[in-house]
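Biologist: I would like a close look at one helix and the residue that follows it. Then take me on to the parts around the chain.

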Amino acid sequence: MERFGFILHPLEVQDITRKFSLAERLPNHWLETMFRHSPPIKVSHITGVRSPQGTEAEGWFVGCLLTSRQMLELPLPIVLDKIIKAARKAKELGASIVGLGAFTAVVGDAGLTVAQNVDIAVTTGNSYTVATALQGIRYAADTMEMSLENASVAVLGATGSIGSACARILARDVGNLVLAARSLDKLEKLAAKIRTETRSDPVVTTDLAEACRQADIVVAVTSATNAIVEPEWLRPGAIVCDVARPRNVSRRVAETRKDVLIFEGGVVQVPGNVDFGLDFGFPARTSYACMAETMILALEGRYENFTLGRDLSVEQVDEINRLAAKNGFHVAGLRSFERAISEEWIAEVKENARKARRVPASS
Ligand SMILES: NC(=O)c1ccc[n+]([C@@H]2O[C@H](COP(=O)([O-])OP(=O)(O)OC[C@H]3O[C@@H](n4cnc5c(N)ncnc54)[C@H](OP(=O)(O)O)[C@@H]3O)[C@@H](O)[C@H]2O)c1
């Protein structure tokens, strides 16, 4: 039996108050202070992961009690110390590799310091997140009858760990690439790298609204702690892949723009009769790609640091994709705000987009 751990944290205080109604009566800042002083906790035991070759794995979700906002705002040594303690807890429970969920992979140097301070293998899971986001984008473009080579694609959070790998890979195939984030300096460095690697000539901007207005496809992968994409920024018929957790695109955008296809990047079907012992809003036997990467490495017995730091290689993305297929993991169709996107849904989006562009349905 192979063994893994995965570190979770509340994205916002409401993740805790929704589960424990008594906590609802306490002010948010009290709860956050309590979180800050709490040790890591075992959240659940994960059973039933089984590859088509018959290799089995079990694991544990370990809770690191800090919200996304606390992860970004508290002094880094305090945050890293809590993540390191959570990784050690995973080891105590029996794990040989631990995955870093959501902001535990974003803070500091994206896992490098954590890996140096624990005697268990560490991965952020970002390589498989990139692979599955790209698969989702290609599938969505296909169903929306959009040709990638003619499409204009905006990557929001382009200089990040996931964003830069997505941008570098998409640069090989798409018509126009727009790179957006807050630091112009980092954007220009990335654009220069992409120009040397491909024939693409990306545009850089710190104006997210402008980036979206130019885009047929938006890849939203910033580490902003609030939704940042506004409904009026999106073109009719646009495809939006929201990889970020917490989401970069709010439910309000989905509700007001029925002519846009918004889906979550990185939702994966897990092989076997897996029981996560925890409801994170997905259908049975599906997980986030970052969790899946940790399970895949465990099934392979690859107890080594895999994805760490912000400079992901295309080879790593290809390799985890290959290992995923070998072990029976695949993208679980498109999902949006806890619902599967059906063919009818896509047809409706296309029809609404036609109307919004005022093009007759027969054309
Ligand atoms: N769906 C999944 O399975 C999955 C898996 C792993 C991670 N994630 C999520 O993916 C997101 C990105 O993770 P990462 O590891 O790539 O993070 P990262 O390396 O820290 O990169 C974050 C990117 O966002 C930009 N950014 C941050 N705040 C911004 C803002 N307010 N406006 C515009 N740009 C902003 C950053 O550049 P500047 O600082 O220059 O703006 C950077 O380009 C996180 O939300 C994470 O939780 C999802």
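Biologist: Which residue just after α6 takes a positive phi?

Modeller: E145 does, with a phi of about 55°. First, a caution: this is a predicted model, where local features need pLDDT of at least 70 and side-chain atom pairs count only at pLDDT 80 or more, while totals for chains, interfaces and linings use all residues. Residues are numbered from 1 along each chain as its sequence is written.

Now the helix itself. Helix α6 spans residues 126-143 and has 18 residues. (Helices are DSSP runs of H or I with at least four residues, strands are E runs of at least two, and both are numbered from the N terminus.) From its first C-alpha to its last, α6 reaches 26 Å, close to the 26 Å expected at 1.5 Å a residue. (The expected span is 1.5 Å times one less than the number of residues.) In α6, 13 of the 18 residues are buried, so the helix is largely enclosed by the rest of the structure. (Buried means that 20 or more other C-beta atoms, placed from the backbone, lie within 10 Å of the residue's own; 12 or fewer is exposed, and in between is partly exposed.)

Just after α13, R358 takes a positive phi of about 60°.

(Axes are lines fitted to C-alpha atoms, for helices over the stretch in contact; angles run from 0 to 180 degrees between N-to-C directions.)

Look at β4 (residues 97-100) in this sheet. It runs parallel to β1 (residues 2-8), and 4 bridges join the two. In β4, I97 is the bridge partner of F4, and V98 is that of G5. On its other pairing, β4 meets β5 in the parallel sense over 3 bridges. There V98 has V122 in β5 as its bridge partner. Both faces of β4 are covered: I97 and G99 on one side are buried, and so are V98 and L100 on the other.

(Contact means C-beta atoms, placed from the backbone, within 7 Å.)

There is also an open sheet of 6 strands in the order β8-β7-β6-β9-β10-β11, with parallel pairing. Its edges are β8 (203-205) and β11 (261-264), each with a single partner strand, so one side of each is left without a neighbour in the sheet. Neighbouring strands in this sheet are turned by 15° on average, direction ignored. Inside it, 5 bridges join β6 (residues 152-156) to β7 (residues 176-180), and the two run parallel. L156 has A180 in β7 as its bridge partner. Helix α7 (residues 161-170) lies across β6, β7 and β9 (217-220), at about 165° to β6. Helix α8 (residues 184-197) lies across β7 and β8, running at about 165° to β8.

Definitions and conventions
Pairing = 2+ DSSP bridges. Contact = placed C-beta atoms within 7 Å.
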